[in-house]
Amino acid sequence: MFINTTQSTGDELKTYRGAATRQEDKVLAHFKAGGDHTPSEVWKSGILGDAPLTSVRRAISCLTDAEELSKTTKQRKGLYDKPEFVWTLALGQQELFDVK
């Protein structure tokens, strides 16, 4: 989901929404490939090319709202040695993709 804070309209808005959806698809695929991840781990994997970390965080938030991902109580050190929460596939998704 593209969060339209710039009041974009028309074709420009359509383009931005499409790019945001593709980013969410790539982030979800990363989780479906296995494991649980922090936002900075997903970002460091390079799956979104040169997109900023905030794009990864937005995609994870949208996927959490859509009940595709779940935030865990676990934390790991992220960028700058600060703790970050860990996300995993939502319970129903884990069985669908045989993630252990």
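Helices (H or I, at least four residues) and strands (E, at least two) are DSSP runs, numbered from the N terminus.

I also wrote down that this is a predicted model, in which local features need pLDDT of at least 70 and side-chain atom pairs count only at pLDDT 80 or more, while totals for chains, interfaces and linings use all residues. Residues are numbered from 1 along each chain as its sequence is written, and side-chain values use heavy atoms, with hydrogens and water left out.

**Entry 1: the hairpin**

I looked up β1 (69-77) and β2 (83-89). They form a hairpin with five residues between them. The two strands run antiparallel and are joined by six bridges. I found K71 standing opposite W87 in β2.

**Entry 2: the turn**

Next I checked accessibility, where buried means under 20% relative accessible area, exposed over 50%, and partly exposed in between (1.4 Å probe, protein chains only). Y80 counts as exposed because its relative accessibility is 72%. D81 is exposed too, at 58%. β2 itself is mostly covered, with five of its seven residues buried.

**Entry 3: helix α3**

I moved on to α3, which covers residues 53-65. The expected span of a helix is 1.5 Å times one less than its number of residues. For the 13 residues of α3 that gives 18 Å, and the end C-alpha atoms are 18 Å apart, so the two agree. Its buried residues are L53, S55, V56, R58, A59, I60, C62 and L63. After α3 comes E67, with a positive phi near 60°.

**Entry 4: the core**

I then looked for a nonpolar core, meaning a set of buried Ala, Val, Leu, Ile, Met, Phe, Trp, Tyr and Cys residues joined through side-chain atoms within 4.5 Å. The largest one has 14 residues, and V27, F31, V42, V56, I60 and L69 have the most contacts inside it. α1 (10-32), α3 and β2 each supply at least two of its residues. The largest share, five residues, comes from α3.

What does I60 touch? Taking contact as heavy atoms within 4.5 Å, I listed V27, F31, P39, V42, L69 and W87, not counting residues up to four places away in sequence.

Definitions and conventions
Pairing = 2+ DSSP bridges.
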